[in-house]
Amino acid sequence: TMNKIFTKENKNRLKIKLRKKLNPYLAPFRRQLEGVNSPFTIISNNCWGSFTYQKYGLIYRTPTIGLSIMEEDFVKMCQNLQYYMCNAKFIFIKPEESKYYEFLSSMGSNLEYPIGLLDDIEVHFIHYKTEQEAIEKWERRAMRINWNKILIKLSDRGQMTLELLKNFSELPYEHKVLFA
């Protein structure tokens, strides 16, 4: 009874709901206390960037919101970021055409979301319902990128190699972080 109510999953849901309700009130104080006073862009391979923008009550200055990009593709994209953000165009593929289909299926992903190829980079729009929504939000947010203040953030989902780690560390950005 009470144990069912206070499961780890329910506690996490409650934390997220509470955070979403409090963010608009706390964001101005956080920005002031932590010195967040100029627009910045987070290029992330998962949803981490959205939580950061929400925490500070800022508009999304990145197209990498509500999606997932596997490590190999993400590092490759960051090696030529201007091209992928400004010039490359999406085509959409079926889930079984994904080069990560086997890996993601084994992790329990149902792949019931749009999957786009941005030239040769596979982008999984996990929080989008349609291809049109994914493209519209990507393009609108890509126009907001602050090219002078970029943070690159990569989370390892089990596909990291020493070569990718080396390539990530050599990316030409002052601010980058890897969660492994």
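**Entry 1: α4 against α8**

I looked up which residues touch and noted that Glu71, Glu72, Val75 and Gln79 in α4 meet Leu164, Asn167 and Phe168 in α8; contact means heavy atoms within 4.5 Å. I sorted the residues of this contact into 3 nonpolar, 2 polar and 2 charged. The classes are nonpolar for Ala, Val, Leu, Ile, Met, Phe, Trp, Tyr, Cys and Pro, charged for Asp, Glu, Lys and Arg, and polar for the others, Gly among them.

This is a predicted model, in which local features need pLDDT of at least 70 and side-chain atom pairs count only at pLDDT 80 or more, while totals for chains, interfaces and linings use all residues. I number residues from 1 along each chain as its sequence is written, and side-chain values use heavy atoms, with hydrogens and water left out.

I then took the geometry: α4 (residues 71-79) and α8 (residues 162-169) pack at about 25 degrees, their axes 10 Å apart. Axes are lines fitted to C-alpha atoms, for helices over the stretch in contact, and angles run from 0 to 180 degrees between N-to-C directions. Helices (H or I, at least four residues) and strands (E, at least two) are DSSP runs, numbered from the N terminus.

**Entry 2: the sheet**

I traced an open sheet of 3 strands in the order β2-β3-β4, with antiparallel pairing; two strands pair if DSSP finds at least two bridges between them. β2 (90-93) and β4 (121-124) stand at the edges with a single partner strand each, so one side of each has no neighbour in the sheet. Neighbouring strands are turned by 35 degrees against each other on average, direction ignored.

I found 4 bridges between β2 and β3 (residues 115-118), with Ile91 opposite Leu117. Another 4 bridges join β3 to β4, where Ile115 has His124 as its bridge partner. β3 and β4 form a hairpin with 2 residues between them, and Asp119 in the turn has a positive phi of about 60 degrees.

Is β4 covered on its faces, or where are its residues buried? I noted Ile121 and Val123 on one side and Glu122 and His124 on the other, all buried (under 20% relative accessible area; exposed is over 50%, partly exposed in between, 1.4 Å probe, protein chains only). Helix α7 (residues 131-142) lies across β2, β3 and β4, at about 150 degrees to β2.

**Entry 3: His127**

I placed His127 in the loop between β4 and α7. His127 is exposed, with a relative accessible area of 55%.
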